Amino acid sequence: MRTTLTAPEAILDVAIQGRRISAAEALVILEQAELPDLAVAATVVRDRHNDSRRVSYVIDRNVNYTDVCNVYCTFCAFYHKPGDSRGYVLTREQLQQKAEETKAIGGTGFLLQGGVNPDLPWSYYLDLVRYLHRDLGIWVHGFSPVEIQMMAKLSCQSLRTTIADLREAGLGSIPGGGAEILVDRIRRKISPLKGGREKWLEVMEAAHEEGVKTTGTMMFGITETLAERIEHLEVLRDQQDRALVRNNGGGYTAFVAWPFQSGHTPWEGKVPKPTDVEYLRTIAVARIFLDNFAHIQSSWVTMGRKTGQLALHYGCDDMGSLMLEENVVSAAGTCYSVNNDEMTRMIRAAGYEPWQRDNIYGEVLS
Ligand code: SF4
């Protein structure tokens, strides 16, 4: 065990040499390192995991099968309460149309998430996944941990059995939505009905134990301290260590962080939106600290195209999705989307060769 370093330059040197930095050291560089130094170190770590010349992206569609939700997160501008006539559940015809539109532009999958709709039975989810995967040929990257917790209750099964059933029906991978900040002090404030961080982590652990791939996320800038931001990264890194030891195909494929969008929520005007510099610092430190994650996504959807491109020089190797459809962030007033040509132009203009991936980072050959 080496002594904790306190000089940011020395800590970045450790990362550049390929050694792991501690949580305390990650906090030092998040607070004190020079921005260009973070960019250099994050790029070295990025290139250790990825081809230094290429940046990936995915053509998929964010499909919110229902907006009815009884979790009432205070930061969410998307949901309708159960019983509200404005709430919806997508029909088969709507799903089919979305699948056809996605495939028509070379898309491969749905990022499928709800609300937590108390009116839908367990069989609904299995039928939904079967329909999308088997009948429509769509990769289902689906259901955030809070939805899977609810399904486990509905089916009276363990999380592992619930996930195994979903996978048997055609679930491909699980997005890490709803992590927000994995610190209970924050979760009690912003999403008290979602449960503490253990609730989120236990779904991810069960998925990894079942050999299912997931993503890790962080929504920051919602009154957490910088130390709490690092605490969040640390629990993800620890969990990925366990997944890699298991070596069963399960684990995190990627990490994505985005700043909280407070528009149209009770938080509007109460918390400042993180600046571009704060975003770049956070994503660079995440790249350096999460030394066991292969991929880091740029969140151009929330940060805008220019900052999204800049993030590629702060450790990101992936531009995420075209955002053919996005309901949750756009409900909070942020709305960006691009077509395939614009995406590849964006990546080339940032100095990289684009390549299209699927939801688990396999190459899509056209
Ligand atoms: S963030 Fe998700 S769980 Fe929370 S209220 Fe919105 S739809 Fe429901």
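User: Which residue in β3 is the bridge partner of Asp60?
Analyst: This is a predicted model, so local features need pLDDT of at least 70, side-chain atom pairs count only at pLDDT 80 or more, and totals for chains, interfaces and linings use all residues. Residues are numbered from 1 along each chain as its sequence is written. β2 and β3 (residues 109-113) pair in the parallel sense over five bridges; pairing takes at least two DSSP bridges. In β3, Asp60 is bridged to Gly109.

User: Which strands stand at the edges of the sheet?
Analyst: Strands here are DSSP E runs of at least two residues, and helices are H or I runs of at least four, numbered from the N terminus. The open sheet runs β2-β3-β4-β5 with parallel pairing. Two of its strands have a single partner each, so one side is left without a neighbour: those are β2 (60-64) and β5 (171-173).

User: How many nonpolar residues are in the shell around the ligand?
Analyst: The residues around the ligand (C-beta, placed from the backbone, within 6 Å) include Cys69, Tyr72 and Ser191. Ala, Val, Leu, Ile, Met, Phe, Trp, Tyr, Cys and Pro count as nonpolar, Asp, Glu, Lys and Arg as charged, and the others, Gly among them, as polar. The shell has no charged residues and two polar ones, while its nonpolar count is nine.
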